[in-house]
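Have a look at the sequence and the 3D structure below. Then let's walk through a few spots together.

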Amino acid sequence: MSEYKIITIERHIIEGERAHPGASGSFSGLLRDLALAFKVIWREVSKAGLVDILGSMGHENIHGDEVKKLDVFAHEAIYKSMDHGGHLCVMASEENEDVLNIPEHYPTGKYVLIYDPLDGSSNIDANVTIGTIFSLYRRVTPSGPGSLDDCLQPGYKQVAAGYVMYGSSTMIVYSTGNGVHGFTLDPSIGEFLLSHENIRIPKRGKIYSVNEGNYHRWTEGMKNYIHYLQEEDNASNRPYSARYVGSLVGDIQRTLLYGGIFMYPADSKNPNGKLRLMYEGNPMAFLMEQAGGRATDGFKRILDIQPRKLHERTPLFIGSEEDVVIAEQFLQGKRDH
Ligand code: P6P
């Protein structure tokens, strides 16, 4: 009998849950429902170029960004897949100003889901990699309908986090606190199959990823760090290569697999950077630390930030531990070369 094993995400979740004595099975049911929602979104994203689903709906989302039809579809697909399973007490989405309550006629559960339904959606029409990002917490309120208090938890309280990358292949990369694992969708059978077990990020890389169009808005420390990366020094693999997709899921996937650093710093126009803490910074930081990497705002560990608002922004420096530590030294003025 061959050693080849077909491990679906459902099997991996259930086997992982068996490792948690006393697990209720609710968690594996929750992740299974999420995986179904991701297949529904994949189906629409993969045919977006074929049907008239591209183009804007002619209105903006709460952040003033133009809303693409796929954004709304993905937001609703996740909400409708997750609102009735009895696993969640409340949800929150990038597409909605306020928390999303569970309909009264459905049971509530002990988890909280916070998600960015389709991150990088400005790239949809260019067929550039886009993704869904999700974050799961245990509720902190005792029972019944959940609330904003259940959502505004620091990232170290996450029980799971991950992203779906809709690219040349469609992958789920997630962690429940026991390493980071990747599952690639086999469209012929409609299953996500284990393809990247226990992903570990190199301790140092040689790629940096940042939107250098913002250079003149950066602090001196940030500018000095980029100059450092661009200098010739064979001993430290410099100059680094510059890579920037402009879609967080694509940039994080490359950083996770190849090493290096992704940055979205604060600048004179965006004093807290552009990325959102609850559904971009925290889930990516959880994954990166689980893979042996590091994630800070340049001064503080992302996962230790106590959120005050659902859609608050944070600067983000994330990737190989040694690269992020060096970036922090420049940002904190401890070195200038
Ligand atoms: P910029 C996409 O809009 C997004 O939220 C992230 O996916 C991405 O990392 C970032 O913004 C890109 O921002 O300013 O470089 O276009």
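Predicted model: local features only at pLDDT ≥ 70, side-chain atom pairs only at ≥ 80, totals over all residues.

Residues are numbered from 1 along each chain as its sequence is written, and side-chain values use heavy atoms, with hydrogens and water left out.

**The ligand site**

Start with the ligand. Around it sit Asp 119, Gly 120, Asn 211, Tyr 244, Gly 246, Ser 247, Leu 248, Phe 262, Tyr 264, Lys 274, Leu 275 and Glu 280; a residue makes this list if one of its heavy atoms lies within 4 Å of the ligand. By type, that shell splits into 5 nonpolar, 4 polar and 3 charged residues. Here Ala, Val, Leu, Ile, Met, Phe, Trp, Tyr, Cys and Pro count as nonpolar, Asp, Glu, Lys and Arg as charged, and the others, Gly among them, as polar.

Which side chains put an N or O atom by an oxygen atom of the ligand? Tyr 244 does, at 2.5 Å. Lys 274 does too, at 3.0 Å, and Asn 211 has a polar side-chain atom 2.9 Å from a ligand oxygen. On its own the ligand would expose 400 Å², and the protein buries 79% of that (areas come from the Shrake-Rupley method with a 1.4 Å probe).

**Helix H3**

Next, find helix H3, residues 69–82. Helices (H or I, at least four residues) and strands (E, at least two) are DSSP runs, numbered from the N terminus. H3 has 14 residues and spans 20 Å from its first C-alpha to its last, close to the 20 Å expected; that expected span is 1.5 Å times one less than the number of residues.

Since 10 of its 14 residues are buried, H3 is largely enclosed by the rest of the structure. Buried means under 20% relative accessible area, exposed over 50%, and partly exposed in between (1.4 Å probe, protein chains only). Among the buried residues of H3 are Asp 71, His 75, Tyr 79 and Met 82.

**Buried residues and their partners**

Now for some buried residues elsewhere. His 12 is in helix H1 (residues 9–18), while His 181 is in strand S9 (residues 181–186). His 12 is buried at 15% relative accessibility, and His 181 is buried at 9%. The two touch: leaving out residues up to four places away in sequence, His 12 meets Ile 7, Tyr 174, His 181, Phe 183 and Leu 194, where contact means heavy atoms within 4.5 Å. The contacts of His 181 include His 12, Tyr 174, Leu 194 and Asn 198.

Tyr 279 is in helix H7 (residues 277–290) and is buried, with a relative accessible area of 1%. Ser 320 sits in the loop between strand S15 (316–319) and helix H8 (321–331), buried at 0%. Beyond its sequence neighbours within four places, Ser 320 is in contact with residues including Ile 201, Pro 202, Gly 259 and Gly 260.

The table gathers polar contacts made by these side chains; each is a pair of N or O atoms within 3.5 Å, and within protein one must be able to donate a hydrogen and the other to accept it, with residues adjacent in sequence counting only if both atoms are side-chain atoms.

| Side chain | Partner | Distance |
|---|---|---|
| His 12 | Tyr 174 side chain | 3.3 Å |
| Tyr 279 | His 311 side chain | 2.6 Å |

Most residues other than glycine have a negative phi, and most peptide bonds are trans. Where does this chain do otherwise? The peptide bond from Arg 238 to Pro 239 is cis, with omega near 5°. Pro 239 lies in the loop between helix H5 (220–230) and strand S12 (241–242). Asn 237 is in the loop between H5 and S12 as well, and its phi is positive, near 55°. Asn 237 is partly exposed, with a relative accessible area of 44%.

Asn 127 also has a positive phi, about 60°. You'll find Asn 127 in the loop between strand S5 (111–119) and strand S6 (130–138), where it is exposed at 72% relative accessible area.
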